[in-house]
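I opened this structure for a look at a few residues. My notes follow.

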Amino acid sequence: MKRGRLFLTCEVKGIDGFSLVDRLQSLKIAVYRIKTEENKTIFSIDYCDRKKFFAISKNMCYNISILKYYGQVSPFKKIVENVGFTLCFACFLALSILFDGYFSKTVYLGDGEYLKPQIQKVFLEEGVKEGSFFNFDEKELAKKIASSSDRFSFVSVKKSGRILYVEAYLKTESYLPIDTKKESIKSTVTGTVKSINLLSGTPKVKVGDRVEVGDVLIDGSYEKDEKIYQLYALGEVEIVAEFKCDYKTFSKGEKYKSRAVAVAIENLGKDEIIGSEVKEKTVGIEFYYEVTLYYGVTVS
């Protein structure tokens with residue numbers, strides 16, 4: 001901005017504020033409209049000198065405040081200030097609306113934890129995922145969950161803040177008798193433990209552990225006061241299982257890579273795949289795609 005187009009009027013409170021004016025003038029900062037009153041001095045400076053003025057007065061014992069702006073461009077400064085506030089408010093409002101649909105956690109109520117695998121299956125089909133935006137009709141989503149299995153007697157879906165609450169109940173005849181003779185729950189697949197829902201017994205693995213077929217996941221006993229008590233094993237362990245398949249071809253490329261994954265899925269016989277990994281390897285003149293599929297299994 002050019003000099004002479006915008007000025008600011010300052011009020012300096014303190015003893016002998018006029019000495020500050022002398023200091024500014026000695027440093028070739030022009031001072032205008034000087035007026036002294038009891039314990040305060042009022043004067044104006046060019047807007048271009050404002051940074052130098054505040055730098056000089058920073059360590060001096062004065063209470064300085066800006067009273068007003070005046071000059072040719074002072075109306076535009078007010079407009080810019082108002083526009084800046086309006087833009088900030090608009091951005092805040094837009095972000096509030098944007099993140100209102102975001103949810104980061106799902107809480108299962110009633111029998112929801114027991115019915116979690118079936119509920120998550122519907123979530124996967126509908127594209128409901130933690131850490132994303134929830135733009136679904138809650139009642140319609142609850143209906144789809146309820147109709148996905150005849151085990152449901154009631155389902156409710158409600159989003160509050162960033163938490164999605166799913167309340168679900170089994171039909172009376174759907175309750176399974178507790179097997180009190182099961183001494184342990186063993187893994188039926190090879191993979192990585194994703195979650196553990198323990199109802200009775202002692203967990204022998206933790207989330208993130210790698211397990212093989214036959215490994216004990218939950219033991220029906222527990223230890224107290226150095227004594228071991230035998231009860232029964234009851235609970236569910238979610239495992240991200242692995243399935244490997246080799247696809248032999250004499251060519252390579254995205255087309256053959258996609259075909260290798262499709263053949264692996266067909267051999268696995270499951271449509272609900274969490275993810276896949278493809279490695280290339282060559283044996284002599286033959287070329288292989290080594291496909292690893294990841295899918296969810298609930299062991300109980």
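I looked up Lys28 and found it exposed, at a relative accessible area of 78%. Here exposed means over 50% relative accessible area, buried under 20%, and partly exposed in between, with a 1.4 Å probe and protein chains only. Lys28 sits in the loop between α1 (18-26) and β2 (31-37). Its phi is near 65°, a positive value in a residue other than glycine.

I noted that this is a predicted model, where local features need pLDDT of at least 70, side-chain atom pairs count only at pLDDT 80 or more, and totals for chains, interfaces and linings use all residues. Residues are numbered from 1 along each chain as its sequence is written, and side-chain values use heavy atoms, without hydrogens and water.

I checked Arg33 next. Arg33 is in strand β2 (strands are DSSP runs of E, at least two residues; helices are runs of H or I, at least four; both are numbered from the N terminus). Arg33 is not a glycine, yet its phi is positive, about 50°. Arg33 counts as exposed, at 56% relative accessibility.

I then turned to Leu231, in the loop between β16 (227-230) and β17 (234-249). Leu231 is partly exposed, with a relative accessible area of 44%.

Last, I looked up confidence, given as pLDDT (the predictor's confidence in each residue, from 0 to 100). The protein has a mean pLDDT of 79, and 83% of its residues reach 70 or more. Confidence is lowest in helix α3 (residues 74-100), at a mean of 55, and highest in strand β13 (residues 210-211), at 92. Where pLDDT is low, the predicted coordinates should not be read in detail.
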